[in-house]
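Please keep the sequence and the model in view while reading.

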Amino acid sequence: MKFFLDTANIAEIEEAASWGVLSGVTTNPTLYAREGGKLADFHGHLKRICDIVDGPVSGETVGLTRDEIIREGVELAALAPNLIVKVPTMPEGLAATKALFDMGIKVNMTLCFTVPQAILAARSGAAYVSPFVGRFDDISEDGIDQLEQVVIALDNYDFGHDVEVIAASIRSANHVTKAALMGADIATVPFSVLKNLVKHPLTDRGLESFLADWEKVKNA
Ligand code: G3P
């Protein structure tokens, strides 16, 4: 499993990259707004992220028509070779994905919840399909179960191009564990979740006891 950071925060991206575990970044309008992002700097911000990350960086379109999404997608893709155009799952999004695919521009189809949506996304040419886990949990459905169905279904077919599943809307280490066990290609996680993945109480306790014993050795 590869780890992407789901953020628009440059410091978080730099820190995860320094750990050597960062394979990509996903952003969305909510995450950009959370950083106090301004429309005028949207493309500049994405470009800065693309320069830091050695891997795909998803930048989301906000247009609602096929032509608007295509125009935004072409502009975004011109920012950097590793920019992936993130497009919402909807008829206009599928149509735009097909056009962008034909231009050689890679799409990450987002806000995907069901197996049929995922198959349609892959069929339209999406290189990445992003099933949302946590938002299913929010409505008392089993997000991990839904993700597993998408992973199994996409694995059943050859779409004539590579399709990777990005487990998105990931909220916990348990989500990541389950996604890894079912073979999801990628988990895109908030930095808070990534930091928690490194930690375990037994690791902390073990470290404390090693350090205490090392003090004894030093004072012996
Ligand atoms: O990758 C999608 C993600 O940003 C949505 O996460 O936690 O708002 O459902 P969440």
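## Tyr157 and Phe159

Tyr157 is partly exposed in this predicted model, its relative accessibility being 46%. Phe159, by contrast, is buried, with a relative accessibility of 11%, where the cut-off for burial is under 20%. The rings of Tyr157 and Phe159 make an edge-to-face aromatic pair, with 6.2 Å from centre to centre and 65° between their planes.

A search of the whole structure finds five aromatic pairs. One of them is formed by Phe113 and Phe136, again edge-to-face, with the ring centres 5.4 Å apart and an angle of 80° between the planes. Because Phe113 sits in the loop between strand S5 (107-112) and helix H6 (115-124), while Phe136 belongs to helix H7 (residues 134-138), this pair ties together parts that are 23 residues apart in sequence.

Phe113 is partly exposed at 23% relative accessibility, whereas Phe136 is buried, its relative accessible area being 9%. Together with Phe132, these two residues form one aromatic cluster.

## The chain as a whole

The chain contains eleven helices and eight strands, and its C-alpha trace spans about 75 × 40 × 30 Å along the principal axes. Of its 220 residues, 46% are buried, and among contacts between residues at least 6 apart in sequence, 58% join residues at least 24 apart.

Terms used:
Residues numbered from 1 in each chain as written. Predicted model: local features only at pLDDT ≥ 70, side-chain atom pairs only at ≥ 80, totals over all residues. Heavy atoms only, no water. Helix = DSSP H or I, 4+ residues; strand = E, 2+ residues; numbered from the N terminus. Buried < 20%, exposed > 50% of the residue type's maximum accessible area, 1.4 Å probe, protein only. Contact = heavy atoms within 4.5 Å. Phe/Tyr/Trp six-rings, centres within 6.5 Å; stacked < 30°, edge-to-face > 60°.
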